[in-house]
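Look at the structure below and follow it one part at a time. The text goes from a single helix to the sheet beside it, and then to another chain.

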Amino acid sequence: MHDILRRAEPLTSPVPASPRGFGRLTLDVRQNLPPWKQAVFVGSSLILGLAISVAILALAGIPPLTLASELAGVLTAENLRGVLIQAAPLILVGLGASVAFRIGFWNLGIEGQMIFGGIFAAAISIYDIGPPATRLILMGMAAALGGALWVLLVVFLKLRFRVNEIIATLLLNYVAMYFLFHLLYGAWQDAKTAFPQSTPFRPFERLTDIGYGVNSGLLIAIAGVLAAGWLIHLSRIGFYTRFISANPRMAKVVGVPVQTATIWIIAISGACSGLAGFVNVASQEGRLTQSYANGYVFSGVLIAFLSRNDPIVVAIVAFLIAVLFITGQTLQVFYQIPFTMVQMIEAIIVMAVASSEFLIRHRIRWIR
Amino acid sequence: MNSALQLAGIRKSFDGALALDGASFESRSGEVHALLGENGAGKSSLMNVAAGLYAPDAGSISINGAPISLSGPASARSHGIGMVHQHFKLVRPFTVAENVLLANPQPHFASGLRDIRDAIKKQVDALKFSIDPDRRIDSMTVAEQQQAEIVKVLVGGARILILDEPTAVLTDAEAVGLLEIVQRLARSGTAVVLVTHKLQDVKRYADVVTIMRGGRTVATLDPRQSTAEELTELTVGQTSALPERTPHQGGETRLNVGALTYTRADGRTMLNNTSFFVRAGEIYGIAGVSGNGQAELAEALIGAIEPSLGEIWVDGAGDIGHAGQARRREAAIAAIPADRYAYALAGSLPIQDNLAVAQIRSGRYGSVFRLDRAAMRRDAIAAVKDYDVQGVRSVKQKASLLSGGNAQKLVIAREFSLEPEVVVAHSPSRGLDARACAAVHQRLIAARERGAAIVLISEDLDEILSLSDRIGVMTRGAIVAEFERPADRQAIGRAMVDHA
């Protein structure tokens with residue numbers, strides 16, 4: 001029975017830590033760990049990551065106490081509004097990344113998909129398609145379509161020519177970005193201001209206010225979470241995704257429609273990112289700008305990773321990342337720390353949680 | 001003769017599951033000592049303790065009578081214990097010499113490599129092996145890779161050589177060759193431990209046999225003084241026999257493979273006009289020396305690869321060689337592949353999911369929108385009971401936690417739940433113990449009685465002979481001869497080598 005175990009998990013032969021003297025560390029593979037223990041491991045790693053981040057900020061000249069009061073400052077109405085507005089696109093890109101990661105498709109083209117989501121939505125506005133009453137819905141659908149089409153290009157390349165999707169999605173971000181610039185400096189440039197932006201959307205083309213200055217983008221994100229939760233946990237295609245990621249060759253032989261399921265899942269992933277682009281252009285900006293997708297690849301991957309690709313957890317993590325963003329903005333303004341510091345904190349937290357994964361899979365013992 | 005390796009009262013548990021329960025074992029220089037037992041009896045675990053891979057929870061290890069403690073594989077090596085694992089530990093893009101060097105580090109790379117090559121040549125000559133130190137592992141056959149493993153261990157100065165199921169991957173002739181070499185090696189003073197579950201090998205080549213059952217060593221005796229029945233009874237607890245055969249009724253053709261050709265990406269033609277047919281209620285055995293296209297034939301039949309030319313015609317579904325998955329499933333082909341974890345199971349997923357996956361599409365477990373997990377669970381519990389799958393604490397546990405035989409039962413449970421018209425079984429009992437093997441054979445015979453057409457591809461000639469109604473011999477990607485039951489073993493053996 002243990003032969004099988006070793007075959008299934010190749011990295012598990014015990015590693016001697018010190019050859020002689022003090023005994024040695026051994027690694028055993030854990031077969032099962034109760035969920036609460038897993039939560040303890042992840043939680044303590046997260047706390048460790050945060051502690052390191054606080055230490056680094058302290059070195060950068062921000063005393064921990066000030067930091068605490070700044071974090072508490074998020075709870076003001078103004079900041080909370082910012083967090084909720086920021087959470088919507090983060091949730092959507094988190095869903096986009098996690099859905100794709102579930103079948104082992106490394107979608108790093110979230111920004112490109114957001115850009116095309118924004119472009120497709122803006123096209124509906126610019127070419128004045130459909131009656132005003134349904135204009136927003138049409139824009140949303142167009143955005144989802146735009147994001148899906150942009151990633152399906154890569155799916156085609158992967159399935160047909162075995163092109164590596166990591167490289168393809170990542171590099172297509174630049175293609176999308178320059179196509180956006182091409183539009184903004186050309187055909188779609190706002191004639192009035194001569195800035196590289198599109199003409200502002202009409203009022204009925206903007207996401208409506210649902211109270212406290214928070215727009216309906218948040219509702220789209222929440223609907224996305226529920227839909228993705230259903231897709232992954234309850235639907236047939238969600239069941240298939242588990243086999244496709246665990247053993248694609250076996251999945252094919254036992255009759256899982258690997259290709260069809262892959263296409264659907266990745267299209268959904270792209271659609272989520274496209275919707276995130278739509279939420280960004282149709283809310284705060286109210287027009288197509290150059291930078292509404294900047295930095296979302298990393299955030300999406302981070303959220304997917306921290307949430308272990310579970311849609312419900314995605315919502316919670318995205319909210320926390322939004323808090324980090326808004327706090328970061330404040331720190332930037334008041335303490336002149338660069339925004340890269342916020343990204344560094346994100347990276348530290350990723351590494352901390354990644355290391356907890358190892359502890360969940362292995363038990364380390366000290367043998368004399 | 002003095003005791004070379006002594007293990008006493010070894011206990012080892014993995015996450016609460018007891019794998020070794022006070023096992024004791026003693027091997028002497030100059031002897032081939034067989035370690036016999038069913039799958040999951042603890043043979044490999046015990047030897048992994050000796051090789052320093054597992055730290056025992058309790059018990060003692062002695063070399064030449066002196067107690068030692070092992071801190072890892074390197075420390076076992078320094079005590080002269082070398083193990084050749086069932087799954088080779090070789091770096092595939094490296095040459096033999098580089099692999100040996102990697103396991104036996106030398107102070108200077110260039111001169112070290114030279115010394116190592118000389119040492120390899122000496123061992124190769126002494127053992128009458130055929131490998132070249134400068135060949136890359138990935139260009140070698142399995143038998144040659146095994147030779148490389150043995151040389152690697154011996155160059156490291158091993159006086160105690162542990163071979164874990166060495167003949168499982170070899171053909172009959174290769175196995176005989178290896179075991180004779182192993183015997184010679186023992187005569188020259190090495191202590192050889194042969195982990196196996198093949199009775200014939202034990203009877204023919206071992207000087208002493210220790211039998212393991214349920215993590216304990218139950219007996220140590222002289223295999224020449226005991227009968228096969230006695231040994232079987234000690235290993236399994238009870239002997240099981242194949243059921244009687246009713247003669248074949250001669251139904252209609254269910255499966256027709258016509259001029260099947262498959263050329264690999266590297267240009268090698270693995271299937272070359274393979275043609276045969278199988279009737280309802282018939283077991284068609286395909287015998288042959290391994291590597292003659294059997295693996296590719298099985299993969300084409302179960303839909304893992306697409307043939308370059310030719311047809312796979314199934315009654316009621318037409319040619320499915322190039323068909324999509326929906327049509328393949330209509331053809332109701334059950335697939336029992338040789339490599340379970342490559343084509344039949346997702347080890348990291350629950351038993352219940354592995355059982356349900358083949359029937360998700362039929363709607364048995366809920367609609368596209370809502371899965372019926374309660375039904376999955378109910379069916380899984382029933383299947384585990386019906387097919388006597390052992391070691392299942394919960395149907396939600398990972399499939400990879402099952403031992404080989406029980407994993408195979410799981411595959412069969414799933415595939416036979418589809419009431420298949422055609423069954424493709426490739427080495428269905430490879431790596432299984434006698435009881436699991438008998439259970440698998442009974443299932444195949446039951447499917448035959450029900451009227452299924454069964455293709456049995458196996459390198460184990462005994463398995464082919466005892467089960468098949470007709471036998472085709474496969475050589476270089478084609479069926480070169482056919483035999484009716486009862487077939488003459490000698491004639492089949494000749495056909496296997498004549499055309500090679």
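A residue is called buried if 20 or more other C-beta atoms lie within 10 Å of its own, exposed if 12 or fewer, and partly exposed in between, with C-beta atoms placed from the backbone. Helices (H or I, at least four residues) and strands (E, at least two) are DSSP runs, numbered from the N terminus. This is a predicted model, in which local features need pLDDT of at least 70, side-chain atom pairs count only at pLDDT 80 or more, and totals for chains, interfaces and linings use all residues. Residues are numbered from 1 along each chain as its sequence is written, while chains are lettered from A and ligands numbered from 1 in the order in which they are written.

Begin with helix α5 of chain B, residues 142-155. From its first C-alpha to its last, α5(B) reaches 20 Å, close to the 20 Å expected for its 14 residues at 1.5 Å a residue; the expected span is 1.5 Å times one less than the number of residues. Among the buried residues are B:Ala143, B:Ile150 and B:Leu154. Their cover includes β6, β7, α3 (96-103), α4 (109-127) and α6 (172-187) of chain B. Contact here means that the C-beta atoms of two residues, placed from the backbone, lie within 7 Å. Just after α5(B), B:Gly157 has a positive phi of about 85 degrees.

Helix α5(B) lies across β6 and β7 (160-164) of chain B and runs at about 170 degrees to β6(B). Axes are lines fitted to C-alpha atoms, for helices over the stretch in contact, and angles run from 0 to 180 degrees between N-to-C directions.

These two strands belong to an open sheet of six in chain B, in the order β6-β7-β8-β3-β9-β10, with mixed pairing. Strands pair if DSSP finds at least two bridges between them. β6 (81-84) and β10 (216-221) of chain B stand at the edges with a single partner strand each, so one side of each has no neighbour in the sheet. From one strand to the next, the twist averages 20 degrees. Within the sheet, β3 (32-37) and β8 (191-196) of chain B pair in the parallel sense over five bridges; B:Val193 in β8(B) is the bridge partner of B:His33.

In chain A, the axes of helices α5 (110-126) and α12 (296-306) come within 7 Å and cross at roughly 115 degrees.
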